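I opened a new notebook page for this model. The entries below follow the order in which I looked things up.

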Amino acid sequence: MWWIYAVLSAFFASLTAIFAKIGITGVNSNLATAIRSVIILLVAWGIVLARSEYKGIPTLSRHNLIYLVVSGLTTGLSWIFYFKALQMGKVTQVAPVDKLSIALTIILSVLFLGESLTLKTAIGALLIITGTIVLIFEQ
């Protein structure tokens with residue numbers, strides 16, 4: 001069942017790139033990121049409130065909060081750089097290069113989370129890295 005959500009995430013991420021490229025025409029990329037963030041904030045809190053999931057807030061540990069805050073900061077930085085790259089480059093180049101995050105996540109999950117690295121996963125990561133290099137240096 002997890003893969004259905006992952007495919008939906010990929011689908012909406014692809015739409016995000018298309019709509020963002022259209023939406024940032026003539027707009028400062030940081031302003032565009034801020035507007036997008038407000039919308040995401042409203043949608044996320046709307047879901048939490050509608051499903052009464054806010055009741056879980058008191059159960060959050062300091063550890064949870066620290067890592068969620070750091071995750072939020074890194075997400076924000078990712079979005080700021082992504083929108084700037086979209087403003088300057090083609091979606092067909094920026095979006096795939098952004099997916100280098102997949103290979104980096106594989107490497108970091110092995111280093112920091114102790115997850116195992118299979119041959120198949122390592123080959124996949126190397127292919128992503130190779131494809132990214134090809135796209136970056138495409139003439």
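**Entry: a serine in a helix.** I began with Ser-109, which is buried, with a relative accessible area of 12%. Here buried means under 20% relative accessible area, exposed over 50%, and partly exposed in between, with a 1.4 Å probe and protein chains only. Ser-109 sits in helix 5, residues 100-113. Helices here are DSSP runs of H or I with at least four residues, strands are runs of E with at least two, and both are numbered from the N terminus. Leaving out residues up to four places away in sequence, I found Ser-109 touching Gly-114 and Glu-115. Contact means heavy atoms within 4.5 Å. I also checked Ser-109 against Thr-33: they are 76 residues apart in sequence, and their C-alpha atoms are 27 Å apart in space.

**Entry: ground rules.** This is a predicted model, where local features need pLDDT of at least 70, side-chain atom pairs count only at pLDDT 80 or more, and totals for chains, interfaces and linings use all residues. Residues are numbered from 1 along each chain as its sequence is written, and side-chain values use heavy atoms, with hydrogens and water left out.

**Entry: domains.** How is the chain divided? I noted domain 1 (1-88) and domain 2 (90-138). Their bounds come from an automatic or database domain assignment. The C-alpha centres of domain 1 and domain 2 are 21 Å apart. Across the boundary, seven residues of domain 1 are in contact with five residues of domain 2.

**Entry: the largest pocket.** I looked up its volume and got about 500 Å³. Its lining has 16 residues, and those closest to the centre are Thr-16, Arg-36, Ile-39, Ile-40 and Val-43. Helix 1 (2-23), helix 2 and helix 3 each give two or more residues to this lining. Helix 2 gives the most, with eight residues. By class, I logged 13 nonpolar, two polar and one charged.

My terms need spelling out. A pocket is an open set of points on a 1 Å grid over the protein atoms alone, with protein on both sides within 12 Å along at least five of seven lines; a cavity is a set where a 1.4 Å probe fits but cannot get out, and lining residues have an atom within 4 Å of a point. Points are joined across faces, edges and corners, and a volume is the space filled by probe spheres set on them. Nonpolar covers Ala, Val, Leu, Ile, Met, Phe, Trp, Tyr, Cys and Pro; charged covers Asp, Glu, Lys and Arg; the others, Gly among them, are polar.

**Entry: the second largest pocket.** This one holds about 280 Å³ of space. Its lining includes Ser-9, Trp-79, Tyr-82, Asp-98 and Lys-99. Thr-16 and Arg-36 are also among its lining residues. Helix 1 and helix 3 each supply at least two residues. Helix 1 has the largest share, four residues. I counted four nonpolar, four polar and three charged residues in the lining. Why does the second largest pocket lie between domain 1 and domain 2? Both domains give residues to its lining, so it lies between them.

**Entry: Ser-52.** Where is Ser-52 found? I found it in the loop between helix 2 (29-50) and helix 3 (62-88). Ser-52 has a positive phi of about 55°, although it is not a glycine. Most residues other than glycine have a negative phi. Ser-52 is partly exposed, at 31% relative accessible area.

**Entry: Leu-41.** Leu-41 lies in helix 2. It is partly exposed, with a relative accessible area of 48%. Leu-41 and Ser-101 are 60 residues apart along the chain, and 23 Å separates their C-alpha atoms.

Entry: The unreviewed entry places "domain: EamA" at residues 2-136. Positions use the numbering here, feature names are shortened, and annotations may be inferred rather than shown by experiment. I then checked spans in the model. Residues 2-136 are 82% helix and 0% strand, with end C-alpha atoms 31 Å apart. Residues 30-52 are 91% helix and 0% strand, and their end C-alpha atoms lie 32 Å apart. Residues 64-82 are 100% helix and 0% strand, with 26 Å between the end C-alpha atoms.
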